[in-house]
Amino acid sequence: MLHAFLAFIQAHQLAKADDKILLAVSGGIDSVVMLHLFHEAGFHIAVAHANFKLREAEADADAAFVATLSERLGLQFYQREFDTKNYAMQQGLSIQMAARQLRYGWFHELMQADGFDKLATAHHLNDNIETVLMNFLRASSPDGLCGIPMQNGKIIRPLLFANKTSIEAYAQENKLSWREDASNQQDYYQRNFIRLNIVPRLYELYPDLEENFSKNLNYYHLLRQLLQAEVRKFKDSFILQEADILIPKSSIENLETRQLILYESVKHLGFNAAQVQGALDALHHIGAVFYADQHVLNIDREYLIISPRSNQHEQVFIHETDLQVQRGEEQISLQFLSTWPELKGPGTVALLDMDCITFPLTWRSWQAGDRFMPLGMQGMKKISDFLVDAKVPLSHKLRVTVLEDASGKIIWLPGLRIDERCKIGHDTRNAIRLTLSAQSQKQV
């Protein structure tokens with residue numbers, strides 16, 4: 001077992017001999033065996049135990065057991081208690097998801113504070129079988145069908161080569177002690193239900209389940225590598241334009257597996273498979289929009305344009321006493337003037353007649369139906385039409401804002417155009433200079 005453990009770590013480059021490794025040890029047989037293997041192999045290790053306070057005295061006994069074991073082995077020991085039930089209720093999470101967030105958040109803090117290179121967890125082959133089954137039944141992506149990754153950033157799983165039988169045999173051979181978690185025998189959790197009710201029946205039908213599963217996993221990993229190579233080739237066609245990603249339609253139309261390739265290329269931005277399919281169905285519907293939490297995908301004439309979502313619903317009030325206001329990553333500075341030079345600056349600076357403006361001002365995203373009188377015109381114009389005429393790229397339209405005064409009059413499209421009715425004239429007595437500071441604004 002020790003030889004196989006070291007061979008697995010070396011083959012997949014999970015850790016180096018001089019790495020400082022934090023071990024997540026619950027006290028159960030899996031994590032105790034992992035701890036023993038790392039200790040026997042001579043790695044530089046420390047132990048972390050999370051007490052979720054879910055099983056009262058039993059949970060405290062688990063913590064005491066891991067503390068004693070760590071002390072006996074001469075290892076640095078960390079522990080923390082969590083009010084898991086209260087956290088789950090506050091965050092609207094299941095107990096399992098809450099516990100996961102709490103422990104990995106704490107592990108991350110420890111690694112940063114004490115300079116650990118890796119975090120090791122004791123997931124093994126049978127855990128992987130359960131995970132793949134759950135992912136398959138949830139209609140997972142190719143990544144999900146590859147199971148638990150051997151390495152995810154600094155997190156390593158050095159026991160994924162071992163099945164439960166070999167772990168139990170190693171513990172008995174080395175006369176190891178461990179703690180039994182009674183909740184593992186209760187099937188109201190989805191994973192436990194599959195472990196206790198589904199997997200045993202599968203073993204009855206397929207005695208070589210573990211061996212066949214390992215072979216399939218290796219095959220799926222190779223398929224994923226092939227898929228990733230195709231995705232990298234596809235992403236070579238992307239055009240980066242400031243904060244936007246432009247995906248040429250021509251590079252999509254020639255793909256036989258376009259839905260899969262496009263999804264794998266944009267899923268990290270928060271788009272799901274249904275949104276990707278919707279975008280492909282609307283590929284020639286210019287103006288179609290698809291929203292993820294942090295990004296928006298627009299269908300343009302030649303491109304699919306992915307942009308960060310702006311604070312579209314945030315509105316900021318500007319009072320006459322303000323010198324500077326902030327909205328997201330943009331800000332507007334105010335300067336009141338009794339004399340002024342002729343303005344020949346960029347569109348990010350506006351010089352307006354104070355007598356035409358009623359405070360407070362509202363700085364917000366533009367909305368369908370908004371109208372103003374663009375400088376140089378004598379009639380009202382919809383902002384949507386103005387943006388089209390000004391050839392503002394679709395990706396920038398969602399970021400366009402308006403400055404509206406208390407009477408409901410739009411006096412400025414920051415970075416674009418002021419309203420004709422508020423321009424400086426011969427009879428202007430007092431003026432206000434507004435300056436927009438932003439990462440990127442289209443100037444017209």
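Trainee: Is Cys 146 buried or exposed?
Mentor: Cys 146 is buried, at a relative accessible area of 2%. Buried is under 20% relative accessible area, exposed is over 50%, and partly exposed lies in between, with a 1.4 Å probe and protein chains only. This is a predicted model, where local features need pLDDT of at least 70, side-chain atom pairs count only at pLDDT 80 or more, and totals for chains, interfaces and linings use all residues. Residues are numbered from 1 along each chain as its sequence is written, and side-chain values use heavy atoms, leaving out hydrogens and water.

Trainee: How many disulfides are there?
Mentor: The count is zero, where a disulfide is a pair of cysteine sulfur atoms within 2.5 Å. Cys 356 is in no disulfide, and the nearest cysteine sulfur, on Cys 422, is 5.1 Å away.

Trainee: New topic. How many aromatic pairs are there?
Mentor: The structure has twelve. Rings of Phe, Tyr and Trp (its six-membered ring) pair if their centres lie within 6.5 Å; planes under 30 degrees apart are stacked, over 60 edge-to-face, and the rest tilted. Phe 52 and Phe 82 have ring centres 5.9 Å apart and planes at 25°, so they are stacked.

Trainee: Are those two buried or exposed?
Mentor: Phe 52 and Phe 82 are buried.

Trainee: What sits over the ring of Phe 116?
Mentor: The charged end of Lys 20, 4.7 Å from the ring centre. The rule asks for NZ of Lys or CZ of Arg within 6 Å of the ring centre and within 35 degrees of the ring normal.
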